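User: Hey, can you walk me through how the two chains sit against each other? I've got the model open.

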Amino acid sequence: MELIVFVLASAMVLSGAIGVVLFRNPVHAALGLVLTLFGVAVHFVSMEAHFLAAVQVIVYAGAIVVLFLFVIMLLGVDRAEDLTIEPLKLQRPVAIVLGAGVTVLVAGAVVRGADTLGRETNASAPGDSNIRALARSLYSDHVLAFELTSVLLIVAVAGTVVLTRRLKKSEG
Amino acid sequence: MEPTTTSYLVLAALLFGIGATGLMIRRNPLVMFMCIELMLNAVNLTFVALATRFSDIDGQTAVFFVMVVAAAEVVVGLGIIISIMRRRPGATVDDLAELKG
């Protein structure tokens, strides 16, 4: 059963990711991104990271993708990008070779290093204590980092407002 | 039969590779941003897989922070893209050489 879920969610993740890369229309790419993020959320559920799965769906698949779609519609760049125009002749083949190389190297390293993970333990925490454990870690061990993220979010919001506002007289 | 931790890590490697390839192939800055999100999600997947593997919640805390920083990064990046596109409509990343002397 878990294997079936894994295979289906992996198919969602990989097909969505390939869609992001290959779709010419940015709106379709954003929808591929939704598919990928949802597949990752399914993986989180099957690994008993329930809180992160909920955050993944709400923040990533909800807020961030809506932000992407909003910017695409706002800028009116939702026409198809012509992928045949090629300013740098060698860029695409070299990029594909490099990407395949990175993939093969990382996957090969992971497979070869599988023994170093040690023996499989089935001592996974029960499901409903996940949020409690995460909150305890977040509010005790990492409370300074947690407070700093609030500063980061304020700075990001204020910076974006300053970046995108139009000045009245001089050109913005 | 259950999927092993290694299978999750291989999936994350594939996702990271697709994101990196897309980042190098595409020239639309919005799509490049989406490819960066793909790579961040691949890393999140490895964090959660290993946190589950070692029964250590700190990996999930790291994923939480990655999500917060990714959200802030998307907000700032899209603001920059909006202000660029407003000045030069239809610009791809190859056209952004305004600082070139």
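User: How much area do chain A and chain B bury between them?
Analyst: About 6800 Å², with 74% of it on carbon and sulfur atoms. Buried area here is the accessible area (1.4 Å probe) that two parts lose on being put together, summed over both. Keep in mind this is a predicted model: local features need pLDDT of at least 70, side-chain atom pairs count only at pLDDT 80 or more, and totals for chains, interfaces and linings use all residues. Residues are numbered from 1 along each chain as its sequence is written, chains are lettered from A in the order in which they are written, and side-chain values use heavy atoms, with hydrogens and water left out.

User: Which helix of chain A gives the largest share of the side touching chain B?
Analyst: α4(A), with 13 residues. Helices are DSSP runs (H or I, at least four residues), numbered from the N terminus.

User: And how many residues are in contact on each side?
Analyst: 84 of chain A with 68 of chain B, contact being heavy atoms within 4.5 Å.

User: OK, new topic: A:H43. Where is it found, and is it buried or exposed?
Analyst: A:H43 is in helix α2 of chain A, and it's buried at 1% relative accessible area. Buried means under 20%, exposed over 50%, partly exposed in between (1.4 Å probe, protein chains only).

User: What's A:H43 in contact with, leaving aside neighbours within four places in sequence?
Analyst: On chain A, A:F6, A:A9, A:S10 and A:V13; on chain B, B:Y8, B:L11 and B:L45.

Note on methods: Helix = DSSP H or I, 4+ residues; strand = E, 2+ residues; numbered from the N terminus.
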